[in-house]
Amino acid sequence: MDGGPDRLPLRPDMALGLWTSWMEANAGAVRDWGGAGRPWWQVSPDDLTGAMLEAGTRQLNDALAKDPVLRSIDSLWNANPFRTIVPVDWAEVARALRTVWVLSLSRPDRTVRKAADVQAAVWTSAMEAWNDAGRRWWGMAEGKAADGAKAGPAPDGDKRFAAPEWHTNPAYRTLKEMYRLASDWLLEQGERADGLDDAERQRLTFHLRQFVDAMSPTLLLFSNPAALRRVLETGGVSLADGARNLLLDLREGRLSMVDATAFEPGRNLATTPGKVVHRNRLIELIQYQPAGGAVHAVPLLIMPPWINKYYILDLQPKNSMVRHLVEQGFTVFVISWKNPDASMDGVGFEDYMDLGPLAAADVVRDITGAKSINVMGYCIGGTLLAITLAWLAAKRDARFNAATFMVSLQDFSHVGDTAVFLGEPTVDFIEQQMMERGYLDSREMSNMFTLLRSNDLIWSNVVNNYLMGNKAPAFDLLYWNSDGTRMARAAHSWYLRNTYVETT
């Protein structure tokens, strides 16, 4: 992370400190209003901005003069056990924060103006929150916060701030708005950064967003009203349960997202009756017979992704598409991909075509006597199907009739935030890992998809499991998502380079 001879090196702990100085100063002001300090009506905008300037100046001067470790911030953050079980790339976060810092120093006029605007917005929001609370206290007309709290658990649409205290308690409401204003400011710096191409700006904004999500006040016990209420309701039992959940996850080296004991394939998942009718070194082909009534002449072949297990379309009976199809008279075949190990290092993408859809289609036609069959591709199985159909079209092979695609990416020119993980340097690193193992571990891919929805898949579980002391939810789709598989090195390398790298 060395910035070169003309730049100050910025370590992750320094970046965290520079950010938190602003939050810490203003949070302290909010605490003083409701505690032993001055009442809120005696606090002036100068007090608020002065605290910020004092903290920020002290932080910046220390960094420039001594390059300190920022001991208090560093100690707190390094003691945070989430670092070992949450797959956030803190080195990239620090790089993004340093970029924003350097760019802000290069445009001091714009930075000062924007800082003044943010502080004015914080002050306005704080006064509105406390005035609103005062009106309700004196029995006057209810303000916006109370109206919003009545409308639903999360009137502003952000599930993190669903507790009513975030909208009715002036201290919590001010803290929430302060966090949002600071977050919006930081993300705006990334989006407006000069001298960056689109890919660099996307990477910068993505990691800044990961950081502001990780800094939410809802992730700390003493600034999460729902968690504090839970402590009082349970007499402290929730704290013990949360600590126990955390210790279990630390021992397993992962964040629990689902209750793994609630489901089991064959018991309450993948229960539609079927049998394996073909097996080769890459697949098993499962046949499901129509469940009575008229039978359709054309069978259906389903190709699920090989990055997860086959039963995505056969979860519980109430939400099983396979069960629904057989009840409608369809003869359904589903491919179950083998979970690769090091011995399958050389299995290539062409093998997935030959031993997957092409071999399966021959077996389906032999069993049913159909000249052509319908086919469905799900996720990366759909991408494989599209490539196979193009190859068959060039050979004028009409073995497939109608083709259906479900959540299948085929245009790789715009892949959203996924591109952050799949640039040339990252793919090189992935290939080096696969050369050592002979495959890509399922956790590597799972971490990428988890970070794409970090608030839903990471931080909501941190609050639920550790702060609230609850068990991970019993959710069949999340169970399937956690039941990942490895990927063969040669096939995955070809896929990455010929889709994401060459077309983005």
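Which residue forms a salt bridge with Asp213, and how far apart are the closest N and O atoms? Asp213 pairs with Arg160, and the closest N and O atoms are 3.9 Å apart. A salt bridge here is a side-chain nitrogen of Lys or Arg within 4 Å of a carboxyl oxygen of Asp or Glu.

## Basis of the model

This is a predicted model, in which local features need pLDDT of at least 70 and side-chain atom pairs count only at pLDDT 80 or more, while totals for chains, interfaces and linings use all residues. Residues are numbered from 1 along each chain as its sequence is written, and side-chain values use heavy atoms, with hydrogens and water left out.

## Overall composition

The protein chain has 20 helices and 8 strands. Helices (H or I, at least four residues) and strands (E, at least two) are DSSP runs, numbered from the N terminus. Of the 504 residues in the protein chain, 47% are buried. Buried means under 20% relative accessible area, exposed over 50%, and partly exposed in between, with a 1.4 Å probe and protein chains only.

Contact means heavy atoms within 4.5 Å. Among contacts between residues at least 6 apart in sequence, 78% join residues at least 24 apart.

## Salt bridges

The count of salt bridges comes to 23. In the pair formed by Asp213 and Arg160, Asp213 lies in helix α10 (residues 198–214) and Arg160 in the loop between α7 (144–151) and α8 (165–168), so that the pair links distant parts of the chain, 53 residues apart. Asp213 is buried, at a relative accessible area of 9%, whereas Arg160 is partly exposed at 25%.

The side chains of Asp345 and Arg489 also meet in a salt bridge, at 2.6 Å from N to O. This pair too links distant parts of the chain: Asp345 is in the loop between β4 and α14, and Arg489 is in helix α20 (residues 489–503), 144 residues apart. Asp345 is partly exposed, with a relative accessible area of 24%. Salt bridges that share partners join Asp158, Arg160, Arg180 and Asp213 into one network.

Two strands pair if DSSP finds at least two bridges between them. Strand β1 (residues 275–279) and β2 run antiparallel and are joined by 4 bridges; they form a hairpin with 3 residues between them. Strand β2 (residues 283–288) is mostly covered, with 5 of its 6 residues buried. β2 also pairs with strand β4 (residues 332–337), in the antiparallel sense, over 6 bridges.

Ile286 in β2 stands opposite Val276, and its bridge partner in β4 is Val334. A salt bridge joins the side chains of Glu284 and Arg279, at 2.7 Å from N to O. Glu284 is partly exposed at 26% relative accessibility, and Arg279 is exposed at 56%.

## Nonpolar core

A nonpolar core is a set of buried Ala, Val, Leu, Ile, Met, Phe, Trp, Tyr and Cys residues joined through side-chain atoms within 4.5 Å. The largest one has 110 residues, of which Leu301, Trp306 and Tyr352 touch the most other members. Helix α14 (residues 349–368) provides the largest share of this core, 9 residues. Not counting residues up to four places away in sequence, the residues that Tyr352 touches include Leu282, Trp306, Trp337, Leu384 and Ala491.

The 22 residues of helix α9 (residues 170–191) should span 32 Å at 1.5 Å a residue, and the end C-alpha atoms are 31 Å apart, which agrees. The expected span is 1.5 Å times one less than the number of residues. At the start of α9, a side-chain oxygen of Asn169 comes within 2.9 Å of the backbone nitrogen of Ala171.

Asn465 has its place in helix α18 (residues 454–467) and is buried, at a relative accessible area of 2%. Leaving aside neighbours within four places in sequence, Asn465 is in contact with residues including Asp241, Asn245, Asp249 and Lys471.

## Positive phi values

Most residues other than glycine have a negative phi. Ala270 has a positive phi, near 55°; this residue is found in the loop between α12 (237–252) and β1 and is buried at 12% relative accessibility. Cys379 also has a positive phi, near 55°. Cys379 is in the loop between β5 (373–378) and α15 (380–394) and is partly exposed, with a relative accessible area of 24%.

Conventions. Polar contact = N/O pair within 3.5 Å; in protein donor to acceptor, adjacent residues only side chain to side chain.
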